[in-house]
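Subject: Structure handover

Dear colleague,

Please find below the structure I said I would pass on. My notes on what was found in it follow.

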Amino acid sequence: MAKTQKIYDSNGTAVWAGIRDLNDKSDKPYDTLLETDRLDGRTVLITGASSGLGLAVSENLASRGARVLMVCRREAVRELNSVRAAGAPYGGTAEILRADMTDFATIRRLIDDLAERRERIDVAISNAAVVCNAARRTTDGFEEMLQVNALAPAVLLKGLLERGVIPNDGFSGNGRDSAALPASAPLPRIVVVASEAHRSAKTLNLQDLRKIEPYGMSDSTARYGWTKLLLLTFTRELGRRLTDVSVHALCPGPVNSNIAREAPAIVRPFAKLFFTLFFQPPEKAAFPVVYLAASPRIEGRNAGYQFLMRRRPPSEAADSAENGHLLWDTLDELLD
Ligand SMILES: NC(=O)c1ccc[n+]([C@@H]2O[C@H](COP(=O)([O-])OP(=O)(O)OC[C@H]3O[C@@H](n4cnc5c(N)ncnc54)[C@H](OP(=O)(O)O)[C@@H]3O)[C@@H](O)[C@H]2O)c1
């Protein structure tokens with residue numbers, strides 16, 4: 001683990017660390033995704049469903065019979081059609097729900113709409129993220145990478161829990177204790193797509209989350225790592241606070257996606273070629289996410305973190321209950 005702790009802190013080292021980790025066969029997958037792991041008739045909400053990993057996960061889930069609610073910031077008609085086509089032979093369906101993670105009002109509107117429709121989400125997957133090439137201020141006055149990667153998932157997931165759209169007893173009183181959820185039903189699940197890059201940040205650094213410090217492309221990976229540390233710390237804390245919702249986090253490993261879309265134009269074609277040659281195709285990278293959403297073999301498990309299909313302890317900072325508590329209180333003050 002000490003190896004990985006040092007090397008996810010710049011663009012170049014993160015890429016090499018990711019490839020090395022991907023090809024490291026020293027720890028074995030603890031299970032495999034099976035064709036029989038299905039989600040027939042179950043509702044899955046997923047953010048960032050319009051590209052890369054999120055799109056591939058959506059297609060895979062639809063092909064397992066799920067009703068996929070694709071949360072996107074844009075119309076994404078082509079992507080919607082491809083998820084519908086993947087689901088059609090197997091009873092899976094899809095629809096687009098609009099929300100922009102840089103604008104909390106759109107996330108709150110989405111939660112209101114779902115609550116009014118009396119939707120019950122079986123699996124919520126927080127996947128949307130961005131790697132910005134410079135600091136940008138969002139509508140809500142935060143730096144964009146911080147808001148999209150860490151604050152928005154907290155607003156969305158807490159909001160869905162508080163309104164009972166993800167049924168649970170702790171936040172909304174509509175879980176199993178209320179008999180609103182039959183005792184035989186599988187527990188709702190939350191799956192958060194984090195990153196091994198979280199190890200590059202050693203402290204939460206919560207002093208002034210509203211401060212927008214300028215950064216450039218060369219600092220973007222370190223900054224991204226910090227946002228993923230906040231996300232993973234939040235996810236672990238959420239897992240500690242929920243007894244009747246299973247919470248999982250993972251790093252999907254290096255994925256040939258559009259994550260480097262803000263790399264300098266001159267670098268992009270080489271990056272694309274490199275990603276194609278050495279990173280996993282999104283369809284393959286989707287397996288661990290789909291596994292965490294669909295496998296009955298992890299029913300009732302809570303607050304795990306994994307890299308691909310290998311169980312791994314998160315960094316000390318992400319795992320610390322004290323940090324989790326502190327972050328929770330900070331987010332409550334900042335976002336409520
Ligand atoms: N790629 C990797 O090597 C890698 C490694 C470790 C972890 N991850 C994680 O995997 C997840 C998926 O990333 P990816 O690799 O598939 O990247 P991607 O192809 O760039 O997909 C990112 C998704 O997030 C959406 N998104 C970005 N900003 C948004 C906003 N403001 N509001 C709503 N949606 C927004 C994008 O929507 P648009 O289509 O509209 O842009 C897109 O659907 C992320 O959490 C990432 O951190 C990726």
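The average pLDDT over the protein chain is 93, and 98% of the residues score at least 70. Residues 1-6 are another matter: the pLDDT there is below 50, and this stretch has 6 contacts in the model beyond near neighbours in sequence. Where pLDDT is low, the predicted coordinates should not be read in detail. As that implies, this is a predicted model.

Ligand site

The shell around the ligand holds 26 residues, of which Gly48, Gly52, Leu53, Ala129 and Ser257 come nearest. By class, the shell has 13 nonpolar, 10 polar and 3 charged residues. The element that gives the most to this shell is helix α3 (residues 52-62), with 3 residues.

Helix packing

The crossing of α3 past α4 is right-handed. On the α3 side the contact involves Leu55, Ser58, Glu59 and Ala62; these meet Glu79, Ser82, Val83, Ala86 and Gly87 of α4. The contact of α3 with α4 has 4 nonpolar, 3 polar and 2 charged residues.

α5 and α6: the axes of helix α5 (residues 104-116) and helix α6 (residues 144-162) come within 10 Å, and they cross at roughly 20 degrees. It follows that α5 and α6 are roughly parallel to each other. Here too the handedness can be stated: α5 passes α6 in a right-handed crossing. From α5, the residues Phe104, Ile107, Arg108 and Ile111 meet Ala152, Val155, Leu156, Gly159 and Leu160 in α6. Sorted by class, the contact of α5 with α6 comprises 7 nonpolar, 1 polar and 1 charged residues.

α6 and α7: α6 also packs with helix α7 (residues 217-241), where the axes come within 8 Å and cross at roughly 15 degrees. That angle makes α6 roughly parallel to α7. The crossing of α6 past α7 is right-handed. The residues of α6 in this contact are Met145, Leu146, Asn149, Ala150, Pro153, Ala154 and Leu157, and those of α7 are Arg223, Tyr224, Thr227, Lys228, Leu230, Leu231, Phe234 and Leu238. The contact of α6 with α7 divides into 11 nonpolar, 2 polar and 2 charged residues.

In short, α6 is in contact with α5 and with α7, while α3 is in contact with α4 and contributes 3 residues to the shell around the ligand.

Regards

Note on methods
Residues are numbered from 1 along each chain as its sequence is written. This is a predicted model: local features need pLDDT of at least 70, side-chain atom pairs count only at pLDDT 80 or more; totals for chains, interfaces and linings use all residues. A residue is near a molecule or strand if its C-beta atom, placed from the backbone, lies within 6 Å of it. Helices (H or I, at least four residues) and strands (E, at least two) are DSSP runs, numbered from the N terminus. Ala, Val, Leu, Ile, Met, Phe, Trp, Tyr, Cys and Pro count as nonpolar, Asp, Glu, Lys and Arg as charged, and the others, Gly among them, as polar. pLDDT is the predictor's confidence in each residue, from 0 to 100. Two residues are in contact if their C-beta atoms, placed from the backbone, lie within 7 Å. Axes are lines fitted to C-alpha atoms, for helices over the stretch in contact, and angles run from 0 to 180 degrees between N-to-C directions. Angles under 35 degrees count as roughly parallel, over 145 as roughly antiparallel, 65 to 115 as roughly perpendicular and the rest as oblique. A crossing is left-handed if the near helix is turned anticlockwise from the far one by less than a right angle, and right-handed if clockwise.
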